[in-house]
Amino acid sequence: MKCSQCGNEKLVKSSIPMESGGDGWSEISKKEVDIYLCTSCGHYEFFSMKKVHKYEEMTLIIKGKRDEIAKLETKMKDYYSEEKEKSIIKRIADIEEELKNIDITIRQQQELKDELKNLNQRLKVFPIGRDSLRQEISQKWSKLEKIEKQIENGDF
Ligand SMILES: [Zn+2]
């Protein structure tokens, strides 16, 4: 370890005397910060691997959240896009048209009716699914932004 002020290599572990007054200040936590004193020029050096690890941890959380959001946005596109909704509506209209055909067999008719029932059910829950996914994405964004803000402000 070297003093960043004078280059002296003899630094000793120390502490910073701080008045603990009514303004809320007190001694820097030795659990959080390692403090060294240069024996040549009296310059203080501060280190905190604990904070470094905390920072790394937060960076990892941010990365994880970004990945989760990307997955949810893909899901949104695959399941709840406007095109998807339109294609369901179109298929329903097509089936209703096909059911008017008197030449289809009872079996075909039943299959179409089953499909129609399924599609109508999907269409019914479509806005609920889309909104809840949208909400999930926005919650993840706000958590992510909160952590980013903490890092930006050095609040960790
Ligand atoms: Zn020094």
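These legends go with close-up views of a predicted model. Local features need pLDDT of at least 70 and side-chain atom pairs count only at pLDDT 80 or more, while totals for chains, interfaces and linings use all residues. Residues are numbered from 1 along each chain as its sequence is written.

**View 1. The open sheet has 3 strands in the order E1-E2-E3, with antiparallel pairing.** Strands here are DSSP runs (E, at least two residues), numbered from the N terminus, and two of them pair if DSSP finds at least two bridges between them. E1 (11-14) and E3 (44-47) sit at the edges with a single partner strand each, so one side of each has no neighbour in the sheet. From one strand to the next, the twist averages 35 degrees. Axes are lines fitted to C-alpha atoms, for helices over the stretch in contact, and angles between N-to-C directions run from 0 to 180 degrees.

**View 2. Here is how the strands are bridged: E1 and E2 run antiparallel and share 4 bridges.** Look for Lys13, whose bridge partner in E2 is Tyr36. Tyr36 also has a bridge partner in E3, namely Glu45. E2 (residues 34-38) and E3 are antiparallel too, again joined by 4 bridges. Ile35 stands opposite Phe46 in E3. In the hairpin of E2 and E3, 5 residues lie between the strands, and Gly42 takes a positive phi near 80 degrees.

**View 3. Helix H1 (residues 49-80) meets helix H3 (residues 106-152), with axes coming within 10 Å and crossing at roughly 160 degrees.** Helices are DSSP runs as well (H or I, at least four residues). That angle makes H1 roughly antiparallel to H3; the label is for angles over 145 degrees, with under 35 counted as roughly parallel, 65 to 115 as roughly perpendicular and the rest as oblique. The crossing of H1 and H3 is left-handed, meaning the near helix is turned anticlockwise from the far one by less than a right angle. Their contact has 15 nonpolar, 2 polar and 10 charged residues. Nonpolar covers Ala, Val, Leu, Ile, Met, Phe, Trp, Tyr, Cys and Pro, charged covers Asp, Glu, Lys and Arg, and the others, Gly among them, are polar.

**View 4. H2 (residues 82-99) packs on H3 at about 150 degrees, with the axes 10 Å apart.** H2 and H3 are therefore roughly antiparallel. H2 passes H3 in a left-handed crossing.

**View 5. H3 has a kink of about 40 degrees at Val125, shortly before the proline Pro127.** The bend at a residue is the angle between axes fitted to the seven residues ending there and the seven starting there. After H3 comes Gly154, with a positive phi near 65 degrees.
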